[in-house]
Amino acid sequence: MKRPPIAAVALGLLAALASLIPIGYLLLRLFEGFEAALAELARARTLELLLNTIGLTVSVSLTALAIGAVQAWLTVRTNLPLAPVFAVLATLPLAIPSYVLALGYLSVFPSFSGFWAAWFTLSLATSPYVFLALSAALISSNFAAEEVARSLGKNRWQVIQSVTWPQVRPAAFASVLLVALYTLSEFGAIAILRFDTFTRAIYNAYRGSFDRTSAAALALVLVALTLVVIYFERRYRGDRWQAPTAAGRKRRIDLGRARILAAFGLGIIGLFGAGVPLVSLIGWSVNQTGFDLLRLGELVASSLAVAIAAGVVIGIFALAISVWNLRYSSRLSGAVDLTAWAAHALPAVVVALALVYFGANLVPGIYQSIWLLLLGYLILFLPNALGLVGTPIALVPRSIEEVARSQGLSKNAALTKVVLPIALPGILAGVALASLTVLKELPATLLLRPNELDTLATELWQATEVLAYSQAAPYALALIIIAGVPALALNAQARKLISEVS
Amino acid sequence: MKLRGALALTLLPILLLSGCSAEDNALLVYSGRSEALLGPLVEKFEQESGLDVEVRYAGSAELAAQLLEEGENSPADVFLAQDAGALGAAAKAGLLTGIPDEIYSLVPSGYSAADQSWVGVSGRARVLVYDPGKVSELPVSIFDLEDASWQGRIGIAPTNASFQAFVTAMRILHGDARTLAWLEAMKVNAVIYEKNGAILEAVEAGQLDAGLINHYYWYARAKDVGQAQMNSRLAQFQAADAGNLVNVAGVGILNSTDAAEQFVSFLLSETGQQYFAQETREYPLVEGISPADELTPLADIPTPAIDLSDLDTLAETLELIRQAGLI
Amino acid sequence: MPLLEINDVSVSFGDTEVLSGITLELESKQLLAVLGASGAGKSTLMRLIAGFDSVGAGSIVLDGETLSDTSKTVAPEKRSIGIVPQDSALFPHLNVGQNIGFGLSALSKEAKAERVRELLRLIRMEEFASRMPQELSGGQVQRVALARALAPKPKLVLLDEPFSALDAELRGQLREEVRQVLRAEGATAVLVTHDQEEALSLADRVAVLREGKIIQVGSPSEIYNSPADVGIATFLGESVLVDGKVSGGKILTDLGSLSALNNVAEGATGVVAIRSENFYLQPNPTGDSEVVGRVFFGHDALVEVQTPKLRIRARSNGPFAPEVGMRVTVWVRGAVNFYPSS
């Protein structure tokens, strides 16, 4: 294997070291009070939390996979009426912070709480990850092969099993990984819906007893769970198959009378995933009085600036790691990739406090500055971008690079002039997803931001703390509208390709 | 190259934002009370004193956690917290430098830390909010709520600091065993909420019969919609009952500068205290300043006889609450 | 009884009628080429035969069983019709052997393995059984795709422009191989293409499709030598169109008086199509035509000649191809096809 570009290695190592900060912090706390930590883990309550957490994660993962797969298949492969509209609807929950979703449902069904409520809310909130991944995979999969399979005697269902699924499997696994880790780390919605998971216990430990040792012990269990989930994902994901660009036009499967039923079904999902919360928010906004447009403008500007900056930074690091790990892979690059993921299931509060400790005591120069905040976002959301950036890079054939080299381009030039432009859609998608997630992020932003920096999310939080929903609503709506832009951009690619397939 | 240009353009926001890092202001305050509430008061202080104040707004518990992580290297000068627990944690970690005598003596002794590490700024009374249509017989003692007739009708917020402070008071008055029994009964009887405000909303909406909250939530809502429009009513428990606990929001100094002391004095001045009385309907603590008209005077509340600084034993309280399975 | 019968089939997509009144027959073990330009409706016809679309009118009958008509469309998986699509569409997650054996799930493990081996021998890729599709060259990929389609011994095989993605040299080689494989398997096949050379060289019968209608069906030599109209004539080979008028059983043109291949009505005016290989250039210093250009291919040459009234292109034998500037007399050998203008 040839040597990778220095820049990729440097950035990759930097990202890995950053991701190790929270883990190092947790180990530090753990060893401070090792026995107390063990006692904490040995409680019966901990087992109950573990079962709750695993149960929720598994059920949400499976449900999000089912929802996303059905949405992707119907919008890409069939003659579903208004397919582009349904594709947008399927992506929309991505723009809505999960705590806003939960509040939206709560306002309509005040007794909405517990396991089923958490399962329902998180499944809808995370299904867009699966939808986006699977619709992209379906579009680039070989449709003609499916018809050949039918000519060879397989019925529709067998074709999906033996031909379609193997091609979309990597995308499915990668997106379900994101769903699972998101569920593990989720706090906002779970707290509102009053369901007890590890993350809730961690928060309570920090805020209630300021018992950092037991919080650290619980958080390390989450890290362990992350590694288990990642192990399974890598083991069973299957290899990425390079699908040749299929010539000829792709056809849509005729659903016949089932068209209406399918549209109806997707409509219901869209109603709950986006319709209900948006309607509640609009309702609250209407009750609002004395709304400060200037303030809203300020918040929008600062939210966008932070989100875009973070998105670009994360995109650059994701690119570096993907290029290194996918084209010049070695044990070290694999370890770097794994490290970037290891911290992904940690609740944001843990990462933030680790950085507070790190910043205040070790690097005070950047403490409470935008740089530390960006570092926090990098640690939290790098994995989100890695999948999206990685896939196109993995699929660019090496032969293209070799041809470029043979024509006199240096290694770096071959990368920037040849590989990058081909991978650009994926890179932009990664930046969009990272920006989107940063827009919605709350706990880490609260802890790490510069003192006078307010964003839509923090403003929203201020209002909901005192349950001033009507005050919060306009900010929530503004947040969703702005987050809708990258969300739709993520989907626009899929949409464009969908309209080509007809 | 086009790519480089685009990259530069998007990094521009970072450069602009980096101007937002901590500046060398006269004063950095960590406030667990919201900007909507504290902002105008801070502005007034800046006008009167001519000092520059920078405030960091977040939850009291988050700020305490942050302070603990920052340790000695914390840039904060003053910590204004919503409840005693957060201040106690900071005090225990040795981060508070203590309140000067002349400021400390402004507030009656029961409402501040016994070791002078922090001073109370405003008071909040624990109350029972109830739906008069659904509750015909009010509980006399907090322990009446253990009765099976209350199953599913009473709301509590066990993760809320004020609730935890009240449970600590119960422990101090009645001992751990009795408190645990009450908590276990609550596990059976009570509906769990995340926040006091949610409990009030539920009672107002007719979903919940009664709940344990802080007084000012009710008054704040009454100010918003008009007292006549409120469906729920407030009640207190019998004299010296743990359920009548008056807790405080307080302030501690991390870095004793002139500016910090000035700020704390300001909070306890007529201006500051009246502000809390009028804006949030809390109880001003400095003697001679009266609360909003519709409130029961502080002296008339049949509070239990405890020293607020004893509420610092939060860890044991939490242990009990968790043992009962409420957290 | 023909194996495949397409009876008066029509289909529309939206408001456009894509195919109308298609009637074709194919005997067992024969190869029918459907020849037409892009957009003529060839792919649509393939999909109808394969069962991926339904007919609007007419019927498709295979081996006595009606597969498609206005009341029903038998599902593709039940038709026993193999397809080789334009881009081969091998299953990327399976190796060569697994691709070929994909449709053989009804067989026992041993029978399946034996059949796969048999086909690998036939396409001369025995060593490639465990290779992955990404590792194969263009020609190899198409051979595997063909083997895969033939593996379950289907009643009919459809090939959709299977060579269009390959370069010219490979195309020629592969064509021959494909023909041999199909013959060896005794397969009945329909090949769809826009390449006339392909159609003429491979097929037993050729059907010319234009704008959704069958214009002519016949053997390759019939189609080539007696194209039904001017359009086909020019489509199939290098031709010169010359105006002519029928007089006394012959056609009077600017190149002389020519004999007609087809029946002509006395006095009719129209156009005559002369193939470039039908010209004979006689070197003649006093000839009325002059050679103005020449492209030399080695074995033959395409010579551009200016006659008094026309400019024509003639194919000429290599060693005897006239040089530029030579004067020649232009003769037309044999009879020509006359197309009256209507």
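**Chain A, coloured by confidence**

Select chain A and colour by pLDDT. The chain averages 83, and 91% of its residues score at least 70. Go to helix α3, residues 44–77 of chain A, where confidence in the chain is highest, at 91. Then select helix α17, residues 398–406 of chain A, where confidence is lowest, at a mean of 71. Where pLDDT is low, the predicted coordinates should not be read in detail.

**Two packed helices in chain A**

Select residues 98–108 of chain A, helix α5, together with residues 258–286 of chain A, helix α12. Two packed helices are described by the angle between their axes and the distance between the axes. Here the angle is about 75° and the axes are 8 Å apart. Are α5(A) and α12(A) roughly parallel or roughly perpendicular to each other? Angles of 65 to 115 degrees count as roughly perpendicular, so α5(A) and α12(A) fall in that class.

Now show side chains at the contact:

- On α5(A), pick Val100(A), Leu101(A), Leu103(A), Gly104(A), Tyr105(A), Ser107(A) and Val108(A).
- On α12(A), these meet Phe272(A), Gly273(A), Val276(A), Pro277(A), Ser280(A), Leu281(A) and Trp284(A).

Coloured by class, the residues of this contact come out as ten nonpolar, four polar and no charged.

**Where chain C meets chain A**

Display chains A and C together. The contact involves 23 residues of chain C and 23 residues of chain A. About 2,100 Å² is buried between the two chains, and 63% of that area lies on carbon and sulfur atoms. On the chain C side, select Glu77(C), His93(C) and Phe102(C): these lose the most area to chain A, and together they account for 28% of what the chain C side buries.

**Chain B and Gly59(B)**

Switch to chain B in cartoon view. Its secondary structure consists of twelve helices and ten strands. The chain has 327 residues, of which 57% count as buried. Taking contacts in chain B between residues at least 6 apart in sequence, 75% join residues at least 24 apart.

Next, centre on Gly59(B), in the loop that runs from β2 (53–57) to α3 (60–70) of chain B. Is Gly59(B) buried or exposed? Its relative accessible area is 7%, and the cut-off for buried is under 20%, so Gly59(B) is buried. Leaving aside residues up to four places away in sequence, Gly59(B) touches Gly32(B) and, in chain A, Trp461(A).

Last, draw a C-alpha to C-alpha distance from Gly59(B) to Glu146(B). The two are 87 residues apart in sequence and 32 Å apart in space.

Conventions: Residues are numbered from 1 along each chain as its sequence is written. Chains are lettered from A and ligands numbered from 1 in the order in which they are written. This is a predicted model: local features need pLDDT of at least 70, side-chain atom pairs count only at pLDDT 80 or more; totals for chains, interfaces and linings use all residues. Side-chain values use heavy atoms; hydrogens and water are left out. Helices (H or I, at least four residues) and strands (E, at least two) are DSSP runs, numbered from the N terminus. Buried means under 20% relative accessible area, exposed over 50%, partly exposed in between (1.4 Å probe, protein chains only). Contact means heavy atoms within 4.5 Å. pLDDT is the predictor's confidence in each residue, from 0 to 100. Axes are lines fitted to C-alpha atoms, for helices over the stretch in contact, and angles run from 0 to 180 degrees between N-to-C directions. Angles under 35 degrees count as roughly parallel, over 145 as roughly antiparallel, 65 to 115 as roughly perpendicular and the rest as oblique. Ala, Val, Leu, Ile, Met, Phe, Trp, Tyr, Cys and Pro count as nonpolar, Asp, Glu, Lys and Arg as charged, and the others, Gly among them, as polar. Buried area is the accessible area (1.4 Å probe) that two parts lose on being put together, summed over both.
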